[in-house]
Amino acid sequence: MRFHLREFVTALLWLTCTSCSEFETNVERGARTQTLYYGLGTEPATIDPHLATGLTEFNVMLALFEGLVNIDAKTGTIVPGVATSWQQSKNGLRYTFHLNPAARWSNGDPVRAEDFCFAYQRILSPQLGAPYAYMLYPIRGAKAFHTGKTNQFHTVGVQAINAQTLEIELEQATPYFLSLLTHNTWWPVHPQTILAHGRSTDRLAPWTQPENFVGNGPFRLQAWRLKHRLSVDKNPYYHGRDSVKLNGIHFLPIEQNAEERAFRADYLHLTSSVPIHRIDWYRKHLPDHMRTEPALGVYYYVFNTAKPPLDDPRVRRALAYAIDREALTQHILKAGQVPAYHFTPPNTGAYSIAAQFQYDPERARRLLAEAGYPQGQGFPEFELTYNTSEAHRTLAVAIQQMWHKELGIQIRLYNQEWKAYLATRQAKDFELLRAAWFGDYNDPYTFLSLAESDNGNNPSNWSDPRYDQWMDLAAKTLDPAERLSYFQRAESYLMEEMPFMPLYFYVTNRLIHPSLEGWYPHILDYHPYQSLSIKQL
Amino acid sequence: MLSISLRRIVQAIPTLCFIATATFLLLRLAPGGPFDQEKALAPEVKAQVEAFYGLDQPLWQQYLHYLGNLLQGELGPSYKYAGWQVERIIGQSFPVSLELGCWAFLVALAIGLPIGIAAALKNGRILDQLLMPTSALGICLPPFVLGPVLLLIFSSACGWLNPLGWHSASDRILPALTMGTFYAAFIARLMRASLLEVLQQNYITSARAKGLNPARVIGLHAVRNALHPVLAYLGPTLAGLITGSFVIESIFFVPGLGQFFVQAAFNRDYTLVMGTVLFYAVLILCFNLLVDLIQIWLNPRSRDA
């Protein structure tokens, strides 16, 4: 049989043309089928709400689970979730939740109060090794059970009065308790599904695989292929299904630069971030496609206060006052970050504190001179350690130059790969360390507790009983105004001592297609999918 | 052939043991562990987690435990992706890398061989002088440069192809072209050098003198004998291509194994690193054996070598 070259080329061209470029983009398909295409930026490590730690995982799990309460997308206020109503005792220590009798798991089983008890026992069981189990410590007896002081779960203040009534008793009054419930650690899991695939504390159990998964959220897991797509479709058993406008969501773990390219090609409705070098372009050409929202996070440097000369608070304050944060955020970072002159982001749980210091090189030089280093003479060179990243490096170089210019001192820059950096931090084997902290809930305690003496995430070697006392008083006080005043005293003192040197507060930049409706800013990046819909443009 | 294959399989066992041991030790020596994170685990929680995965045992016990599971065909659970076994991750992603690698391999051959042959046949002439610098360009241009350039032309400017993804048949074109071009350049240069040498041989001169069809002389005799060095290069090349490329998979959002291989090391996902390294080692050994067998088939005298 002869090979007919002309026919072969024609067939090849036809095949190419017919399969080239989808006639319908994902954005168009999304409007037609009410399917959201969401760029995650990275692959979620798990969708087990008791093992997950990151925002990527949270954004997926928000579609698959529902807690006792939700957050209203527009107002940011607490609204019913699985619980239709709740009462709080006069002393603030007991909450009684009444569950919606129409609440169902995705296999049709009713959601019961016992399911919440099972979930709390699971996450607090030390064998599970849940990284965020401490989020449940406000419950009476939870910490003792989790740390192995007792193995009797009945001593923990959680009780199913009946199938529709759940009672939780707290160790002490916790004003932010209801907002805690929106965190994934407080969400229920389906006991029968988990136990069908092993013990409740078996981390390896494949209950989160698509063929096994059961959740109680507005969507159910349809498919999950790592590095490709995690797909969910509408949960027909969800109690609020009539108000859910989307029919499905495809979560795509596309890396940042490719994610932006995908957005421009109408492959995605929504991205997780915007590459820094593209922010100016979007501001100029497509401002309605990019949203900049405050985030509950602070970027800071940690001083190892055990190492001279950084053991002197005057030196630490001098270093802090000599940095021009306005210049950093406007000319180097340029993504809308807010210069930080205190540690807690503004408006965290109705808490705000005035700037505790300002850019004042002259005062910085005086402080350094008082500490024994006039014009930086005799000041030893020290090292700034950061995890490898071009953004961290650029900022570090700018600060290095500022300190050299204003104070006459030299620092070395040392970058480490991520895990090596964490090991350095753990071992406290640094002099100055780049760090970041994102709040787990909308309350200043999540930030200011970082500096407490017994906090495992405080690598600064700084410890002060006065600070601990203010924090303890804030934790126990019922009066909101008095509570916030303790926080203010603590934070003022923290900025006086300066073991942590705040640089800026984070913002979230993301690309959002104009066809997506119902997306409202939220400081914890909480965007319930029940409120989203896609319109035809 | 059978005896050679069996001999090579037996020789592979100590090689794989060495690779497993070296990888195991290097991973443990790297600073940081799989459960280190920015919001540090409480010491008692970390102790529980490490006990669960057996990381609290002495290193030699962990090693023997891993080997024992390996002999049963179990690569273990991923430390990063809870609920996912390493076998399942490889099973899901390797077929994609295999397909992409095969397409890239075909691209490399389809571009590299004709260029190398043409350059050799027109040695010293304009065509040769144009083709060889072009192939040098293919070597110098790394995938993370070529890929975005191709995207700019064929996706952004012309709108002919999707910018990323692995859905339709046309989604294979740009990743395969990006991956294959680099290897095509090497193949072209190897083929040219080898063919030039073969064309100088006496038997080629004899064949021409006997009046054989020039196409037959080149195709059947010259190219066939010139393929040996190219074949030796193709074995590891194919193994490298089908094991995936982190860069290509990131640029084009291809759900292959390459990304797992790189990110597992950063995540200190011990089992996933071990699993992918051993998987790659077996692949490379298999492909090397395949290449040797093909060479023996082409030239039975090379059996003794």
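In this predicted model, helix α11 of chain A passes helix α13 of chain A in a right-handed crossing. The two stretches are residues 325–333 for α11(A) and residues 390–407 for α13(A), and their axes come within 11 Å, crossing at roughly 135°.

Who does the touching? On the α11(A) side it's A:Ala327, A:Leu328, A:Ile332 and A:Leu333, and they meet A:Thr394, A:Leu395, A:Ala398, A:Ile399 and A:Met402 of α13(A). Sorted by class, this contact has eight nonpolar residues and one polar one, with no charged residues.

Over in chain B, have a look at B:Leu257, which sits in helix α11 of that chain, residues 257–267. Is B:Leu257 buried or exposed? Its relative accessibility is 0%, so B:Leu257 counts as buried. Leaving aside residues up to four places away in sequence, B:Leu257 touches B:Ile90, B:Ser93, B:Phe94, B:Ser97, B:Thr243, B:Glu249, B:Thr276, B:Phe279 and B:Tyr280. B:Phe154 is another matter: 103 residues away along the chain, its C-alpha atom is separated from that of B:Leu257 by 26 Å.

| Residue | Relative accessible area | Class |
|---|---|---|
| B:Cys102 | 34% | partly exposed |
| B:Cys140 | 59% | exposed |

Technical notes. Residues are numbered from 1 along each chain as its sequence is written. Chains are lettered from A and ligands numbered from 1 in the order in which they are written. This is a predicted model: local features need pLDDT of at least 70, side-chain atom pairs count only at pLDDT 80 or more; totals for chains, interfaces and linings use all residues. Side-chain values use heavy atoms; hydrogens and water are left out. Buried means under 20% relative accessible area, exposed over 50%, partly exposed in between (1.4 Å probe, protein chains only). Axes are lines fitted to C-alpha atoms, for helices over the stretch in contact, and angles run from 0 to 180 degrees between N-to-C directions. Helices (H or I, at least four residues) and strands (E, at least two) are DSSP runs, numbered from the N terminus. A crossing is left-handed if the near helix is turned anticlockwise from the far one by less than a right angle, and right-handed if clockwise. Contact means heavy atoms within 4.5 Å. Ala, Val, Leu, Ile, Met, Phe, Trp, Tyr, Cys and Pro count as nonpolar, Asp, Glu, Lys and Arg as charged, and the others, Gly among them, as polar.
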